[in-house]
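Subject: Handover of a structure

Dear colleague,

Please find the structure below, passed to you for your own work. My notes on it follow.

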Amino acid sequence: MTTPPNNGGSAPSEAVVQDFANMSAALMGFQASFIRPFLDPVNLSGIFYQFAVAQVGQTMMDALMSAFDALSKQTPPLTAQQIADTLLEVSSPTPSNQALLCQSIIAMWYLGSWYPPPFQKDGLQQVISSQAYTKSLAWNTAQAHPMGFSAFPFGYWSQPPGPLTDFGVNTGGGQ
Amino acid sequence: MSNGASPQYDVVIIGAGVSGNLIAKQVGLAGKKVLILEAGLPVPDSREEYMDNFYLALAKTPEAPYPALAGRTGNKDHPVGKLPDPATLPTPRATVLGLGGTPETSYLVQAQSWVATHPDDPAPPQNPPTAPNGDVRGLQFSSTFERNAGGTSWHWLGTSLRELENDIRMWTKYQHAVDWPVTYDEMQPLWAKAEKEIGVAASVVQQEPLEVVGLEYPPGYQYPMGPIPTSIVDQTVSQGVSGLQVPGTLPDTPGGSDPQMYDVFVTPTPAGRNSEPYDDRRVCAGNTNCIPICPIQAKWDPTITLGKALDTGNVTVSYQSVAYNVAVDANNKATSVDYYVWSRDSAGKLQKESKSVSGKIIVLAAHAIENAKLLLLSNNWKGIANKSDQVGRNLMDHPLYLTWALAPQPLWGYRGPLATAGIESLRDGEFRKYRASFRMEIGNEGWNFATGDPYTTALDFIQGTDNSGVNPKKERLGGTALALKLNDLLTRQFRIACMFDQTPLQENRVQLDLDSYGKPVNTDGLGIPRPKVEYGFDTYTMEGFRMAAYVCSQVYKQMGAQEFTKNNVGGTGDFTYRGVNYHYYGAGHVVGTHRMGPDPYTSVVDSSQRSHDVQNMWVVGSGSFPTVCTANPTLTLLALAFKSADSIIAALKSY
């Protein structure tokens, strides 16, 4: 950990939260507009950003966001999949701490819980909030819903689900 | 009452669960005064409180929503949070997270035989020991239960199958185990009453194929509401097993063989969840969460019946009231119940106040293990109602064998109620002379039960591990590649759970955790000795496991599915039979500890669940089942509670 946790500190700016959502979407293979819709009263992007900063420190998060920013501005443009593969260092047998942080960010969105990256020695595994669970996205990749939280009607289970894109997945891997 | 005063209540009931609440309601409707002593907390004002406990629990075990046990943060030593010591709690209970633990985390003191044979050896052997007759002893009893208003059936699945005729006459038909002291014909109207109370969704026409195992309904019978639709998982398995037959026994089954071929087919499961609005409750929305908690109470639970009991105006509940003695006079009459009312002071310290209450009739409805514990605790820990020496014995479960596989095409689990169909066609046959019968439940929750998915597989592909068994190359993925990989795997996952009609054994038992001087070893926070359990399987039961593993593999093979079942060795819930490892889970179906029967010398209660020895005391619930049978027990234990209620109301006329 490069700086002490700030326990959230002041609310990040709208632009920072949008950047974090864009980066998260690329890392996870989801549509950015799905995880951060125009009207977003729950604001998981902001909550997760602050939570991650509190865990690993502002300096490390700023470095990751800068790396994402640089990759996003490359010409010719990289696809979302290429950005994810680069940040996650998928071809490296020994991913850096920054790549390990990316893993924790994916897990946070997918599973609603914080799984401390290996370098965070005092990290505690925890469910971040009730809404982090009820909006967790691994279930969407199954074209389903979190167990215990469904908005589908009686009998939906006897018919096939809608397409994966309806569940927010960026199936094309592009931007 | 011991001073000659009139009893304070007509009926004192210990426990506000399935049986206790139903009897309270029926007796209250008859105009009699009832007190329920409930050890735990009241039903919360809103189930949102329990839902939040569930959402925030790291391990979403059956106990997760109910008065919190584990902290919400984990670390290396306690991945799902540190468990409280049962010795500090007023109403500790058996929990999934406490399984395999020492008495510092496990309420049930598990009397594994290595403790007895190797007192100086802290490490269990690699496998549980085998007795000379082939039985495996020293196994962990893996079922858990709740102690709060509503009881364990807060998290029942809703499965409302009836027992089969041969389930309840095993000795007469197959010369194995024992008969029940009630007939199939006698049970029919009782099941109908229970189905109405619950609101069971099913279709008699859909159940008709099960005539091959002896399932019959009275002419013209209809369930209270139409069936719950089957899932795509069910439909896929149903098509996949078309034409499949399996033999009654495998080669070299001890005792004999049943070479007959039995058809394997799928039928929808009668369910205690609404297919239409019923009793002012809404229809099932398929939250896939019947266990641990239905978020919308579309599934019946005993709190609904408790509400109706209170509405009679004749029923009172005393919460946080833990019974520890039933006083019996020289005429074998139960006179009063002694109990502690517990509370916590402003500093959080546990306080208790001892009280006593009298009733014309006393009903123990505290759960199979807690009923046995209370009977053994009474009379200064010498026990009551135990002329037969059967109190606490014959402890049974539906030991559950879980198998799982990937289908060749998506069948979209993680949707709908947890289970909507099963393979019931193998529940009866001549093979029951030689091996345990079983039912097979098809799950709609992917590999959630099997591997903890979607968590395990998702983390495997995020972190490059292979705890699921589906990432042997330990790939690390991100972006769309990750989402599509998970989509491919999660939508093809399914599982089958087999539940066995295990043999009742005298040595499988609940006792008080006392030392050889009669002093308590482990107690709860009120100072009450805790239950110590001994458990094991005979070869008849284990031969059922062998057959179940074979049948599941045949099902997967015929479907073109790839099986991923993993059986460990040497852990709690593991055993080895004929060189093959098996892992079993508890089903929560705790049975047998105060068995009913016609003979006071071989059973604890009669067919009305009335004590043979103490005439004004009833001991009710699944503990009265002489055998665990092949259906999930809630419907039948509720049916038996109707019979008990009628006998209690009749008996009150003479008191």
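In which loop is Pro408(B) found? Pro408(B) is in the loop between β12 (400-406) and β13 (421-423) of chain B. Please bear in mind throughout that this is a predicted model.

Some further points concern this residue. Pro408(B) counts as partly exposed because it has 13 C-beta neighbours inside 10 Å, where a buried residue would need 20 or more and an exposed one 12 or fewer. Apart from neighbours within four places in sequence, Pro408(B) is in contact with Gly560(B) and Ala561(B).

I turn next to the nonpolar core. The largest one has 233 residues. Ile23(B), Val363(B) and Cys498(B) are the residues with the most contacts inside this core, and the helix that gives the most to it is α13 (residues 539-559) of chain B, with 11 residues. In soluble globular proteins, nonpolar side chains tend to be buried together.

Helix α8 (residues 302-311) of chain B also has buried residues: Pro302(B), Thr303(B), Ile304(B), Thr305(B), Leu306(B) and Ala309(B). Among the elements that cover them are α1 (18-29), α5 (184-198) and β8 (315-318) of chain B. Just after α8(B), Gly313(B) adopts a positive phi of about 80°.

An open sheet is formed by three strands in the order β1(A)-β2(A)-β3(B), with antiparallel pairing. Its edge strands, each pairing on one side only, are β1 (113-114) of chain A and β3 (73-74) of chain B. Strand β2 (residues 125-127) of chain A pairs with β3(B) over two bridges, and Gln125(A) stands opposite Gly74(B).

Within chain B, strands β19 (residues 574-577) and β20 (residues 580-583) pair in the antiparallel sense over four bridges. Asp574(B) has His583(B) in β20(B) as its bridge partner. The two strands form a hairpin with two residues between them, and Arg578(B) in the turn has a positive phi of about 50°.

With kind regards

How values were computed. Residues numbered from 1 in each chain as written. Chains lettered and ligands numbered in written order. Predicted model: local features only at pLDDT ≥ 70, side-chain atom pairs only at ≥ 80, totals over all residues. Pairing = 2+ DSSP bridges. Contact = placed C-beta atoms within 7 Å. Core = buried A, V, L, I, M, F, W, Y, C linked by C-beta atoms within 7 Å.
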